[in-house]
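Student: Could you walk me through this structure step by step? I would like to ask things as we go.

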2 protein chains.
Amino acid sequence: MADLFAPLDDHPAYRQIANVIERRIVARSLRTGDALPSETDLARQFGVNRSTIREAIRELETHGLLGRVRGEKRLRVTRPEPDQVSSGVSRALALHDVTFLELWEAMMAIEPVAAQYAATRRTPAQLQALVRAAARFKREVADTAAAVIAVVDFFTAVAAASGNQVLALSQAPLNLLLAPALTRMIDRVPQARARIVEAQGKIAAAIKLRRSEQARTWMEKHIRDFKRGHELESMPSKAGK
Amino acid sequence: MADLFAPLDDHPAYRQIANVIERRIVARSLRTGDALPSETDLARQFGVNRSTIREAIRELETHGLLGRVRGEKRLRVTRPEPDQVSSGVSRALALHDVTFLELWEAMMAIEPVAAQYAATRRTPAQLQALVRAAARFKREVADTAAAVIAVVDFFTAVAAASGNQVLALSQAPLNLLLAPALTRMIDRVPQARARIVEAQGKIAAAIKLRRSEQARTWMEKHIRDFKRGHELESMPSKAGK
DNA sequence: GTGGCAACATTGTCCGACAGTCCGATTATC
DNA sequence: GATAATCGGACTGTCGGACAATGTTGCCAC
């Protein structure tokens, strides 16, 4: 059944080099913060041209494994940050034409759990970030763009407060997908804003008081509202002006 | 409070070009499958050197937005495939030193939901893939490496059968993280294999019969087992030889 | 039309070069 | 002595050109 021979894919030099360096990083033989040798030096070490090295470096850079601190010239080993990674994921999802329902189901799976853990594990600073995002939504509720950003920030803050990096990183791409849908919804469904304010308030309060069950159920309600809002918005007959 | 001037970050040409092309792709102005102009041609169009174009292309290629079909020379626009994207995510998570608990919590949030939807939405082909992975685990249960792969494939198949790309893509990175932990566990906890066989059987049966609640609860039990297995394995006193 | 072949196009890699800028050390200034 | 101006070296971003290997394509014979 299985083929006798696997197709061999030739790896161009730049890819091989990128892989070698990547393995070094993952194996912690190159550690976060370490500065990479100069391109010229790398070219010498690998015995290839600098152009080839540069192409290899580009790969690692876009993966977020290499980066440079502002205004610095030398590259250093970096840990890929959630927002960077997640932007790739959400772009991929966008290109796969995910439906709102798919997005919603995923949010429904992740966000309430994140809220639940946030209630038991949040640090004061995380709580503050979350409360502040809620306050910002309330304050800028009239400015759609700012409001949407505040909603996203609220979700991000809850996920961060969950103390679970995996949940946080799983959740991050959802935000980017949510933004456009939310923008339309918030514009066309009049009651949406008030409901968001209420839900955020309840969730924040529950997390503050460390009531994990309440945090979870309120987050569930909150997310359910999104679905209702989306249905209202996409039903032309019922949608507000 | 707010600074008067924001730090301006200069974008090198290769990044600008990458962004321009990326926007074209996301906006569907360049559609999946379309062939990209040759590097020389792109260099002419953008008015830069070919080396610069190549660096830009490398970025898009590693994002999975460009690729070439086997043995072909010209690049074409590609949709980023889940495994490609998720490998980036799991590498990121690995570098952030996620704990088994974090991974487990995320699995607990996602996998049961995926199983639940799979029960209602799976196609015959998806069901077959899932059943086959379970059978493979049973068959190769003695070969640790093969068994671990079968477990991962089973999860992947369930997620695919959920008919939700967002869940599937959120779940994919978890697999890669699970593999090493599972390898240790399966080796050291004697009863693990039998329990996995049982759980996979129950889950597959529930999905086959479209019993979504059963699928969900059995998946929950299955995942809970992992936690127990991990605790046994990491408790030196109790671990099997 | 199909098979085969030759000319062409394209990619991967190399070499050499240069401007702009960051860094570190040295010198000038208070 | 501490701080500020200066200078040379190192490094990155970009450029131009070059060549081998390998797809691609059009043409010709059958």
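This is a predicted model: local features need pLDDT of at least 70, side-chain atom pairs count only at pLDDT 80 or more; totals for chains, interfaces and linings use all residues.

Student: How many helices and strands does chain A have?

Tutor: Chain A has ten helices and two strands, where helices (H or I, at least four residues) and strands (E, at least two) are DSSP runs numbered from the N terminus. Their order from the N terminus is α-α-α-β-β-α-α-α-α-α-α-α.

Student: And is chain A spread out or compact?

Tutor: The radius of gyration, taken over C-alpha atoms, is 23 Å for chain A, well over the 18 Å that the globule rule (2.2 Å times the number of residues to the power 0.38) gives for 241 residues, so chain A is more spread out than a compact globule.

Student: What relates chain B to chain A?

Tutor: A rotation of 180° with 0.0 Å of shift along its axis superposes chain B on chain A with an RMSD of 0.1 Å, using least squares on the C-alpha atoms of residues with pLDDT of at least 70 in both. That is the relation of a two-fold axis.

Student: How many residues of chain B are in contact with chain A?

Tutor: There are 37 residues of chain B in contact with 37 residues of chain A, contact meaning that the C-beta atoms, placed from the backbone, lie within 7 Å. On chain B, α3, α4 (82–95), α5 (100–121) and α8 (165–188) each supply at least two residues of that side. Since 100% of the interface residues of chain B are also interface residues in chain A, the copies meet through the same surface.

Student: New topic: which residues come nearest to DNA strand C?

Tutor: Of the 17 residues around DNA strand C, the nearest are P12(A), A13(A), V48(A), N49(A) and E39(B), and a residue is near if its C-beta atom, placed from the backbone, lies within 6 Å of the strand. Two or more residues each come from α1 (13–26) and α3 (50–62) of chain A and from α2 (39–46) of chain B.

Student: And what about DNA strand D?

Tutor: DNA strand D is surrounded by 18 residues, the closest being E39(A), P12(B), A13(B), V48(B) and N49(B).

Conventions
Residues are numbered from 1 along each chain as its sequence is written. Chains are lettered from A and ligands numbered from 1 in the order in which they are written. Two residues are in contact if their C-beta atoms, placed from the backbone, lie within 7 Å.
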